[in-house]
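The following note sets out, point by point, what can be read from the coordinates. It is meant to be read alongside the sequence and the structure.

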Amino acid sequence: MAMNEETSGARKLKCDDTSKCFELLESILDGEMDNSKEVLKEKLAKCQPCFEHFHLEQAIRDVLKTKCTKQEVPNELADCIRQKIQEIK
Amino acid sequence: MSEVQRRKYSQEEKNTIFDGEFMPHIDSMYNFAYRLTFDEDDAKDLVQDTYLKAYRFINSFEQGTNAKAWLFRILKNSFINEYRKKSKQPAKVDYQEVETYYNSDDVQYQSTTDLRADSVKDMLGDEISNALNSLAVDFRTVIILCDLEGFTYEEMAKILDIPIGTVRSRLHRARNLLKEKLRGYAQNMGYNTEEEEEI
Ligand SMILES: [Zn+2]
C-alpha cells in the first residue's frame, strides 16, 4: 500500500476515540469493511495514534502469518487416517 | 453435528470428497490442533478423530461448500468435548474473568503505548509463537482462525457457534492481550541489550 499522505505531518496527536477507531482499523485489516479505502486514508492522514496502531497491527499480522503456520505435519498422519477410513468403509 | 442429512453419497463420491475437499486441509488442521493441545500426539489424535468423524458424517456435508470451515468446526468441537477435559490445561474458569477484566479502556490504551511496529518486525518466531500460545484458549483460537487461517468473521461465527459481534469483540480483546505479551518481550529485549552493553 503506497500512502504518501502518511508523511504529511498534519496528524493530530490525540485520538478522539481509540477504542472505536482501533476496532474499526482492525476490521479493515481483516477485510471486513466495505468502502474501507476512503475511511482508512482519512484516519491514517489525520490521526497519529490511528496511524501507529494500523502499522503495528499490520506488522503483527505479517509476523503471525510467517512465523506461526509452519508446524510440520507428521508424515504418517495422512496414511494413518486413510487406513482407518478403509477399516470403517 | 446437528446438520440434517441432505442426501446420500455413493462410495465413489465419498472418496472424491474426502480426497479432494477434506485431505488438502490436513496441514492447517494439524497446525490448529497443535496450537490447541501443545502436544504432538494429542494433535495427531485430534486431527485423526476429526477426519474419521468427517467421514462418518459426510452425508451432512454439501459438496463444493466450505469444507475447511466445516472441518475446523468439527475439530474445535472435538477438542472442547474430549481433549479439553482430559488435558492438564486449566478448565475454562479463567476465560470469563479474563474477558471481563480486559474489557476495559485502560488495558486498551496501555497496550498500544510503547510497542512499535518496528520492534515487532525484529522479533523472532519463538517470541510471537510463545505470545500466541500463552493466551487463554478462546482468545488464541480466534487469532489462529483469523490471522493464520484467514477465515472471515462469518465463517468464524459458524465454526465457534457464536454471533459475529462476539467474534469481532473477542478478536479485538485477543489482539490487545497479544500486544500486551509482545510489549513484555519488547521490553525484555531492551533490558537485555543494555545489560550486555554494561559488561
Ligand atoms: Zn484516531
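1. A:Cys50 has a relative accessibility of 0%, and because the cut-off for a buried residue is under 20%, A:Cys50 counts as buried. The same test applies to A:Cys47: its relative accessible area is 3%, so A:Cys47 is buried too. These values, like those below, are computed from a predicted model.

2. Which protein atoms are the donors of the zinc ion? They are the SG atoms of A:Cys15, A:Cys47 and A:Cys50, at 2.2 to 2.4 Å from the zinc ion. Along the chain, the donors are spaced as C-x31-C-x2-C.

3. Helix H2 of chain A spans residues 36-46, and its buried residues are A:Ser36, A:Leu40, A:Leu44 and A:Ala45. Around the helix axis they cover an arc of only 145 degrees, and therefore they sit on the same side of H2(A). The packing partners of these buried residues are two helices of chain A, H1 (18-29) and H3 (48-67).

4. The largest nonpolar core contains 71 residues. Those that touch the most other members are A:Leu64 and A:Ile81, together with B:Phe22, B:Val47, B:Tyr51, B:Met156 and B:Leu178. Helix H4 of chain B (residues 67-86) contributes the largest share of this core, namely 9 residues. Domain 1 (11-86) and domain 2 (95-188) of chain B each supply residues to the core, which therefore lies between them.

5. With which residues is A:Ile81 in contact, once its neighbours within four places in sequence are left aside? The contacts are with B:Phe18, B:Met23, B:Ile26, B:Val47, B:Gln48 and B:Tyr51. Of these, B:Val47 and B:Tyr51 are, like A:Ile81, among the residues that touch the most other members of the largest nonpolar core.

6. Chain B has 11 helices and 0 strands, giving the pattern α-α-α-α-α-α-α-α-α-α-α along its sequence. Of its 199 residues, 51% are buried. When contacts in chain B between residues at least 6 apart in sequence are considered, 76% of them join residues at least 24 apart.

Terms used. Residues numbered from 1 in each chain as written. Chains lettered and ligands numbered in written order. Predicted model: local features only at pLDDT ≥ 70, side-chain atom pairs only at ≥ 80, totals over all residues. Heavy atoms only, no water. Core = buried A, V, L, I, M, F, W, Y, C linked by side-chain atoms within 4.5 Å. Buried < 20%, exposed > 50% of the residue type's maximum accessible area, 1.4 Å probe, protein only. Helix = DSSP H or I, 4+ residues; strand = E, 2+ residues; numbered from the N terminus. Domains from an automatic or database assignment. Contact = heavy atoms within 4.5 Å. Donors = N, O, S within 2.8 Å, 3.2 Å for Na, K, Ca; no water. Arc of directions from axis to C-beta.
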